[in-house]
Amino acid sequence: MSDKAIPLCQAACPINTDVPGYVSAISRGDLERAIRIIRQVNPFPSVCGRICTRPCESACRRAQIDEPIAIAALKRFASDQTKGLKVVQPPEHFYNETHMPTKVGTKENENNPPSPPFSKGGMGGFPGEKVAVVGSGPAGLTAAHDLTLLGYRVTVFEAQNILGGMLIEGIPEYRLPKDVVKEEIDYILSLGIEAKRGLSLGRDFTIEGLLKDYQAVFLAIGSQKSLLPRCNEVELTGIITAVEFLKQVSQGERPLLGKRVVIVGGGHTAIDAARTCVRLGSSEVTIIYRRTLDEMPAGKAEVEETENEGVKIRYLTAPVEFLGNGNVKKVRCIKMQLGELDESGRRRPLPIENSEFEIEADTVILAIGYIPEAETIKDSGLILGKNGTVVVKDDTGATNLKGVFAGGDVVSGPSSVIEAIASGKKAARAIHRYLRNLPDEKMEEYSAFRLLDDGIVKLISKSNMQKVSTLPIEKRINSFAEVELGYNFEQAVKEAQRCLSCGTGAVVTENCASCLNCVRICPYGVPVPGREIAEIDISQCQACGICVSECPASAINLKLETKEQVRAEMEDIINIAMKEAQEILTIGFYCQYKSPAGHPGGGNGVYWLGKLCTGRLDVFQLIYPFELGADGLVITVCPDQECHSRDGSRWLIKHIEKAREILDEIGIGANRLSIISDVEELSDFRKRLLDVGINPLRKGKKVKE
Amino acid sequence: MIVAEIKPFEEIKNMIKNYQKVLIVGCGSCVTVCLTGGERQVELLASALRMARKIEGNDITVGELTIRRQCDPEFIEQIKDEAAQYDVILSMACGAGVQGIAERFKDIPVLPAMNTMFLGVSDGQGTWVEVCAACGDCILWKTGGICPVARCAKGLVNGPCGGSQGGLCEVSKDVPCAWQLIYARLVRLNLQHFLKDISQQKKQPVRPRRLVREDLRLKKEPTKGV
């Protein structure tokens, strides 16, 4: 484990998504920046925004104060709102054999590792190196996406006639609309990926055959074969597997289930099957699960929604046998109790003697577990493990066959979409290193920030999660319309603003004069006097930036926004304002926490700049607009007790007083800088400004030649 | 540390009125620590001067630099190239720093942007107090760690005088009587017997003072003689 600590959400994410980065962008309403950050690592943002298992949210430190940030819902918002924006572009060049590095480990390789996009590619007819990806689920398509961007020609083979694997076949429409998946896949394919549908491994082609045409193969065929309970009469008509059932429904079939359906299992698939049955008209849908809610792989919120839709869940219940004469009629169950911890870390369910009972059932759906379809690869020469999973050498997915890599559920067994994506990414890097003859890569490992200190937790004001609105129950149960409706703009920004911005806080540079001003003024008490310079524990910093604007040596940088960014932002807006030739040029700063939907006084000819807390506007930032040519500057100041950064408002008022003093001294006049609290005050200010006239600096020459 | 405050803006503006190219040099030591002469203040003063002069129709070019310490020639040497490009240097350091720079750049006027106040300590956020007069003959061991030379309004070394009222100085009711403080501290430390031998006349330093430490010098060459 390296010393490099990162925010907990980011560390918990299997692909280490820069969560604070994109949540912060959303909190400022900058959705384009948000989706760029997301797409840097994730080709399935709309999918993950809906069905991710959200390890990030489980790790979120906001839960120490109230509730975690609704990270997935924010990702969905950013992704849905930026549809059609082509953030990732197809590579301009492809690899070819003519510039393969010569030998592994030579000086030349170490110093000049090829890095995408490649400038010397096989343009003009060279085919470039080809990689075959078998399986078009999230693992396969992610690998295809990353390999394409690395400059390889990728062909995806899919046994079905539609791409997407379990995303399309396994997850019901009401949770993940097919259009959403399709759009995401189309985008990935648009990078220049060839897809061959309806070709099945083992039937239509073999791995050996692929290796003749392709320089590497990535096997990501998933894990779709259902396990069956060891019960009598499991072959009765009316007993079906959840995977098969969900596949049929996804293809538009509407199997006749009857009134009473019993689902066996407690995972996401069991829940999906149960909620699908409700939508197909079954009135008595019961899930039987041998453990309790706490051990259930499906999330609590999901379980709650399921129960809201009328599904009964019988915990600590396992099937013993199925009863019926040709058709299933009843499920004979036994009650369970929890014993010692088993190898999965959960308490082992044990049957309670003489506790059998029966549940009537017209249909039974089995959702107790899945294994890969080993039949298709049993003659491939691949080493297979227990349950038919492909055995890989390490994290990279390399198998015992040269040039053949594997990942996703076929290696791990059934897992989550984000794990599949992570696996695809690792495989893509490994295949790249294999094809470029590069030495093995040491994957960077990160540790996570520690929890917030209790003293800091107490200082942060509570604000509960913005609820994602859902379709009313009565509308849900008759259709497959999407249940979660997503955020609107204001909800999303408000939710994003709940983020504690972990890891975006203050960093002390070597310019520190050890004056200890930061130690004295931090509203959260984070900085401490170090042996040489002040030390700020970034894992505890709340990124309010007050120390940054007060540091006499300008020795503290805020990761959230650099000084250069702040200055450039100001110069940009004044340049725009100057070009638009306003008679009177007014700049306005407003607090985005206070006005999440946008600036507070539209239509008054004021050029607004939003700040996540205006408290970190320093004196220079309050006089610099005048040097750039502004005639007036207005600022909204939040009431002291409402300030997001505790002392921000009080410092801002101090800074305004000082800036006004300077403006008087230099002859610009303090009256050009004013605090305003509403649109009326703004319009009064503008009227006064018209009387005062333009900034004396603007007379004659242009500002800042 | 040396505590200084920035001069009134008008005075600074007047000092540089005949110059077109001004280099403002901040100091990264004492005056940064007392929040008056570091990089942040340099940036602010530069912007203010540019604007003030522009309004007067007399534009200036202002350079901004901050060095670690203006009282060491090696640090000053670091800015020689920049300094050569300006008509005048405006030093945001204590008087020592101003003179340090003036000694190095003999052909460029060096002006003080600060008033040097005293040797002091921090007394909470944004507050500093004078505690040392640099008299060259320290008696703090006999005065309970409280200096009468710096902290008695009259500089008495054998106080208190009759103007001490309720622990406060007659010169200003905001100032505690240093001798009252000394007495209370010595009693607390059970060292009040020191009071008997404090009352001798202190040596008056002969200015300017110079400290030459032969134990730290290899060559017997003459010092530069600032």
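Here is a walk through a two-chain structure, from the overall build down to single residues.

A word on the ground rules: this is a predicted model, so local features need pLDDT of at least 70 and side-chain atom pairs count only at pLDDT 80 or more, while totals for chains, interfaces and linings use all residues. Residues are numbered from 1 along each chain as its sequence is written, with chains lettered from A and ligands numbered from 1 in the order in which they are written.

Let's begin with chain A. Its C-alpha trace spans about 95 × 65 × 50 Å along the principal axes. Chain A holds 25 helices and 28 strands; helices (H or I, at least four residues) and strands (E, at least two) are DSSP runs, numbered from the N terminus. Of the 705 residues in chain A, 48% are buried. Here a residue is buried if 20 or more other C-beta atoms lie within 10 Å of its own, exposed if 12 or fewer, and partly exposed in between, with C-beta atoms placed from the backbone. Contacts (C-beta atoms, placed from the backbone, within 7 Å) tell you how the chain folds back: among those in chain A between residues at least 6 apart in sequence, 72% join residues at least 24 apart.

Now look for an open sheet in chain A, where 5 strands run in the order S7-S15-S8-S9-S10 with parallel pairing. Two strands pair if DSSP finds at least two bridges between them. At the edges sit strand S7 (239–241) and strand S10 (312–314) of chain A, each pairing on one side only. From one strand to the next, the twist averages 25 degrees. Strand S9 (residues 284–288) of chain A pairs with S10(A) in the parallel sense over 3 bridges, and Ile287(A) has Ile313(A) in S10(A) as its bridge partner.

Two helices to spot pack on that sheet. Helix H12 (residues 242–250) of chain A touches S7 and strand S15 (363–366) of chain A, and its direction makes about 80 degrees with that of S7(A). Helix H13 (residues 268–279) of chain A touches strand S8 (260–264), S9 and S15 of chain A, with a direction at about 175 degrees to that of S9(A). For these angles, axes are lines fitted to C-alpha atoms, for helices over the stretch in contact, and angles run from 0 to 180 degrees between N-to-C directions.

Over to chain B. Strand S4 (residues 88–92) of chain B is mostly covered, with 4 of its 5 residues buried. S4(B) pairs in the parallel sense with strand S2 (residues 21–27) of chain B over 5 bridges, where Ile24(B) stands opposite Leu90(B). S4(B) also pairs in the parallel sense with strand S5 (residues 110–112) of chain B, over 3 bridges, and there Ser91(B) has Pro112(B) as its bridge partner.

So how do the chains meet? The contact takes 22 residues from chain A and 20 residues from chain B. On the side of chain A that touches chain B, the largest share, 6 residues, comes from H23(A). That side divides into 16 nonpolar, 3 polar and 3 charged residues. In this count Ala, Val, Leu, Ile, Met, Phe, Trp, Tyr, Cys and Pro are nonpolar, Asp, Glu, Lys and Arg are charged, and the others, Gly among them, are polar.

A nonpolar core is a set of buried Ala, Val, Leu, Ile, Met, Phe, Trp, Tyr and Cys residues joined through C-beta atoms within 7 Å. The largest one has 106 residues, and Ile623(A), Ile24(B), Val31(B), Ala48(B) and Met92(B) touch the most other members. Helix H3 (residues 39–55) of chain B gives the most to this core, with 8 residues. Leaving out residues up to four places away in sequence, Ile623(A) touches Ala659(A), Ile662(A), Leu663(A), Ser47(B) and Ala48(B).

Finally, a few backbone details. A cis peptide bond joins Arg207(B) and Pro208(B), with omega about -5 degrees. Asn387(A) is not a glycine, yet has a positive phi of about 70 degrees; Asn387(A) counts as partly exposed because 14 C-beta neighbours lie inside 10 Å.
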